[in-house]
Amino acid sequence: MHKPDHIDGTMAKCELDTRADTICAGKNFRVLSLTGQTCDVSGFHQSFDAIHDIPVAQVATAMTLENGETVILIINEALYFGNQMDHSLVNPNQIRAYGIDVSDNPYDRERDFGIQHDECFIPFSTEARKQITLPPKSQVTTS
């Protein structure tokens, strides 16, 4: 059974990771809803023990853009680790599967490096991993 372990304002880094099959939401994500499914998660090597019963969830986090605007990112079908992970792993291929344009090639001179959504552009950085924040529940209520 999933136990919420949210601490509002918790900051953590997100890393682009195409080796992760699914987005792995760490301590900077809040669960919005659970799918009722769980997964056993294995590492990249057979000698690593699996982590059992990781919930699949719709999750949210907050990111402050360079202009000071805070955007709430909602991700469907993420593996929710919460405080069990001190960072989060974001697979750009999963974002693309939902029809959202992602440029994850920092050497592409034709496209900006980041997520191009209808409502805003969310930049990626190669300088340092971007810290994003667990938003208060009041910012992510859904109807």
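Modeller: The protein exposes about 9100 Å², and carbon and sulfur atoms supply 46% of that area. Please note that this is a predicted model.

Biologist: What share of the residues counts as buried, and how is the chain arranged?

Modeller: Of the 143 residues of the protein, 37% count as buried. The protein has 1 helix and 10 strands, and from the N terminus the elements run β-β-β-β-β-β-α-β-β-β-β. Among contacts with a separation of 6 or more, 59% join residues 24 or more positions apart.

Biologist: Why is F81 called buried?

Modeller: The relative accessible area of F81 is 6%. Buried means under 20%, so F81, at 6%, counts as buried.

Biologist: Where does F81 lie, and which residues is F81 in contact with?

Modeller: F81 lies in the loop between β5 (70–80) and β6. Leaving aside neighbours within four places in sequence, F81 is in contact with C24, A25, V41, I51 and I54. The term contact requires heavy atoms within 4.5 Å. As for F29, 52 residues from F81 along the chain, the C-alpha atoms of the two are separated by 9.0 Å.

Biologist: Why are C14 and C39 placed in separate classes of accessibility?

Modeller: The relative accessibility of C14 is 17%, and buried means under 20%, so C14 counts as buried.

Biologist: What makes up the lining of the second largest pocket?

Modeller: The second largest pocket is lined by 22 residues, and V41, S42, G43, F44 and L89 lie nearest its centre. By class, the lining has 11 nonpolar, 5 polar and 6 charged residues.

Biologist: Which strands supply at least two residues of that lining, and how much space does the second largest pocket hold?

Modeller: β3 (30–41) and β6 (87–90) each supply at least two residues. The largest share, 3 residues, comes from β3. About 650 Å³ of space lies in the second largest pocket.

Definitions and conventions
Residues numbered from 1 in each chain as written. Predicted model: local features only at pLDDT ≥ 70, side-chain atom pairs only at ≥ 80, totals over all residues. Heavy atoms only, no water. 1 Å grid on protein atoms, 1.4 Å probe; cavity = no way out; pocket = protein on both sides within 12 Å on 5 of 7 lines; lining within 4 Å. Points joined across faces, edges and corners; volume = space filled by probe spheres on them. Helix = DSSP H or I, 4+ residues; strand = E, 2+ residues; numbered from the N terminus. Nonpolar A, V, L, I, M, F, W, Y, C, P; charged D, E, K, R; others polar. Buried < 20%, exposed > 50% of the residue type's maximum accessible area, 1.4 Å probe, protein only. Areas by Shrake-Rupley, 256 points an atom, 1.4 Å probe, with all protein chains shown as cover.
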